[in-house]
Amino acid sequence: MTAPVSPLSPAGDRYFDGLADKFAASLYGGARGELRLALLDRLLPEMLALEGQPLLDVGGGLGQLAGWFAERGHPVTLAEPSGEMLARAREHLAGQGVRFLEAPLQALPEQAQGPWPLIACHAVLEWLADPRAALATLAGLLAPGGQLSLMVFNRDALRLSNVVKGNLEKALTDRLEGKGLRKRLTPISPLTHAQIEAWSAESDLVIREVAGIRVFADYLRQPPESEAERERLLALEHRYARVDPHWRLGRYLLYTLERPMQSPQEATP
């Protein structure tokens, strides 16, 4: 019997060995992937205080985000558990001085201790069996006053997407998670804003900024065909990405979390 492609890790996390081509085509190769990257290009400078500080890119995948920061003068360490994805990132980022580390998020307290003034963890937590513990691990790696750029797959948007597709029973029973097997790319742990709020508070992280990524694009009856239409869609997405209630239904939720210089416990006399 042939083993399933990209099985779960012993910890129950989803890795992407054997799926690099599908990952690249599905998440970055089409119009939605281009829009996601274009929105990040606009939103990250608005939502983060960027001063060329060292960056730890957790679960850096194919290296798009690491390249964005490296081009802006940040010394970047890219950590990725999949050897195949890491090899693609090395090829993509050749000559940019990025440091590469083959390691899962759970191993970073030993292998990338920090403390780090800037951490990026985009589209990672939803592939982990225990995203709550993962966020606590990231908080422990962050320096006082440091920033965490966190992006997660939005469970509420996934529910709406299933309703639009006619999967009413699936939405009613809240069976939204993927299984993490074969070649499907439905996250195993899609997350809600309420979860991020609660877990951030547990880890003494403050939510400074929040935005929705692809609030409208995934529900268009007809995707934009011309460059002018794509630019109008990008302008619309950018305008409402941080406006309530629109951001709450972004396909992804993008956060700037900050570790205060003094934790609430330390501030208590």
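Predicted model: local features only at pLDDT ≥ 70, side-chain atom pairs only at ≥ 80, totals over all residues.

Me: Which hand does the crossing of α2 and α3 have?

Reply: Right-handed, as α2 passes α3.

Me: And which residues of α2 and α3 meet there?

Reply: From α2 you get Leu37, Leu40, Asp41, Leu44 and Pro45, and they meet Gln64, Leu65, Trp68 and Phe69 of α3. By class, the contact has seven nonpolar residues, one polar and one charged.

Me: On to the sheet. In what order do the strands run?

Reply: The general idea: strands pair through backbone hydrogen bonds, either parallel or antiparallel. Here, seven strands make an open sheet with mixed pairing, ordered β3-β2-β1-β4-β5-β7-β6. β3 (99-101) and β6 (206-213) each have a single partner strand, so one side of each lacks a neighbour in the sheet. On average, neighbouring strands are turned by 15° against each other, direction ignored.

Me: How many bridges join β1 to β4?

Reply: Three; β1 (residues 55-58) and β4 (residues 116-122) run parallel. Look for Asp57, whose bridge partner in β4 is Ala120.

Me: Which strands do helices α4 and α6 touch?

Reply: Helix α4 (residues 83-92) packs on the sheet against β2 (76-79) and β3, with its direction at about 175° to that of β3. Helix α6 (residues 131-141) also packs on the sheet, touching β1, β4, β5 (142-153) and β7 (252-258), and its direction makes about 150° with that of β5.

Key
Residues numbered from 1 in each chain as written. Heavy atoms only, no water. Left-handed = near helix turned anticlockwise from the far one by under 90°. Helix = DSSP H or I, 4+ residues; strand = E, 2+ residues; numbered from the N terminus. Contact = heavy atoms within 4.5 Å. Nonpolar A, V, L, I, M, F, W, Y, C, P; charged D, E, K, R; others polar. Pairing = 2+ DSSP bridges. Axes fitted to C-alpha atoms, helices over the stretch in contact; angles between N-to-C directions.
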